[in-house]
Amino acid sequence: MHVSFLKRIGLLMSLNDPQWGRGSQDNDQGGKKSPDSPPDLEQVWKDLNQKINRLLGKTGGSGGDNNGYRPDSAGAKTGLGVLFAIFIFVWLVSGVFIVQEGQTAVVTTFGKYSHSTVAGINWRWPYPLQAHEIVNVSQVRTVEVGYRSNVKNKQANESLMLTDDENIVDIQFAVQYKLKSAAEWLYSNREPEEMVRQVAETSVREIVGKSKMDFVLYEGREKVALDVAAAMQQILDRYKAGVQITNVTMQGVQPPEQVQASFDDAVKAGQDKERQKNEGQAYANDVIPRARGEASRILQEADAYKSRIVANAEGNVARFKQVLNEYQKAPAVTRDRMYLETMQQIFSNTSKLMLDSKGNGNMIYLPLDKLISPVDSTILKSSSSATVSPQVNVPQTESIPTVEMRYSKDGRSREGRDSRERESR
């Protein structure tokens, strides 16, 4: 069988050789083969067949017929040993494999996990003893929840979720992760990518179900993403999925499309409310400090008035006590001094008219210009300010009725003398 197979190979090679048949022509023409001509293919074929037959323990019969042969047991054993060694070598070499940087190979023995290899040239027992599978552990993988490839391509069965205040929100987000254990990724769970998607959907439904709608839509989006990543990592570690969550990105968080218009109106009303509150707060911040400042000023003025009145009263009391002490020492002198001081104050603020009651003159001179001039000025002032606002006319000191004093020749008044006489009695 081997000989016939090799004959077929030689025949094909001879048919593809462009120099086929030229050797016999050269022999026929010159009777002698030139040194530059190729060797005779038929002779080469015969030599090759003889070597193979000797290797397999066969010897050719008479006339070059292969039907009769004599077996050689030593040659047959040697040939089979060589072929077996070549087969073993090729079989062992088939266990060599190369792992690229950022990848790892998982080796199994009879289908059971054996070990993992690092990057570089590695070797395992060839099939069927061992097998390997190369996994890229440095690649950042992405799973999408609520949409596929584009936010507009929504998956309503994944994106619609119920909040704690019994509202529905539409959430689309993406989860990025890496593999931290290739063996767990391959053999711990069936369909690991689908498992990661289901874990992400479960985690986000749990987090959203414990939160208010406004918190999820506005101020709590980043916190929701962080909570989802933490919840996913806990579940995946419990499942031994060999996955490390790197990032959770919220692509879209909004109310359902059916109520989007009404929700926008409610949001606008809430914004108007906040704007009006801010305006009211700004007005209060402007008015209240000024009112407080005015109240503080009034309180300070009242305190100042109180202090002034109290100080004046205390001064008057002290002065009265001093006068009392002096009066107790010399009542007559103190009384005359007080009387003179009082009259001095009165006369300094009034218009005076002196009359000599004992004289014989009949003409009395009255300073009418001084008496009338203050009255005229008061009338002019009141007429000029009548168009503005009514005012109360306070009489001037000159308009106070004059006091007529009659003195005796000794310079003392009759009333003062009578009072001193009464006190002396």
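At what angle do helix 10 and helix 11 pack, and how far apart are their axes?

## Helix 10 against helix 11

Helix 10 (residues 260-329) and helix 11 (residues 331-348) pack at about 130°, and their axes lie 5 Å apart. That angle makes helix 10 oblique to helix 11. Here, under 35 degrees counts as roughly parallel, over 145 as roughly antiparallel, 65 to 115 as roughly perpendicular, and the rest as oblique. The axes are lines fitted to C-alpha atoms, for helices over the stretch in contact, with angles running from 0 to 180 degrees between N-to-C directions.

So who meets whom? From helix 10 come Val 323, Glu 326, Tyr 327, Gln 328 and Lys 329, and from helix 11 come Pro 331, Thr 334, Arg 335 and Met 338. The residues of this contact (heavy atoms within 4.5 Å) split into 4 nonpolar, 2 polar and 3 charged. Nonpolar covers Ala, Val, Leu, Ile, Met, Phe, Trp, Tyr, Cys and Pro; charged covers Asp, Glu, Lys and Arg; the others, Gly among them, are polar.

## A word on the model

This is a predicted model, where local features need pLDDT of at least 70 and side-chain atom pairs count only at pLDDT 80 or more, while totals for chains, interfaces and linings use all residues. Residues are numbered from 1 along each chain as its sequence is written, and side-chain values use heavy atoms, leaving out hydrogens and water. Helices (H or I, at least four residues) and strands (E, at least two) are DSSP runs, numbered from the N terminus.

## Helix 9 and its cover

Helix 9 (residues 221-239) has 19 residues, which should span 27 Å at 1.5 Å a residue; its end C-alpha atoms are 27 Å apart, so the two agree. The expected span is 1.5 Å times one less than the number of residues.

Among the buried residues of helix 9 are Val 224, Ala 225, Val 228 and Leu 236. Buried means under 20% relative accessible area, exposed over 50%, and partly exposed in between, using a 1.4 Å probe and protein chains only. Their cover includes strand 10 (168-179), helix 7, helix 8 (213-217) and strand 11 (243-254).

Most residues other than glycine have a negative phi, and most peptide bonds are trans. Just after helix 9, though, Lys 240 has a positive phi of about 55°. Phe 110 has a phi near 55° and sits in the loop between strand 2 (103-109) and strand 3 (112-117). Phe 110 is exposed, at 64% relative accessible area.

The Tyr 127 to Pro 128 peptide bond is cis, with omega near 10°. You'll find Pro 128 in the loop between strand 4 (120-123) and strand 5 (130-136).
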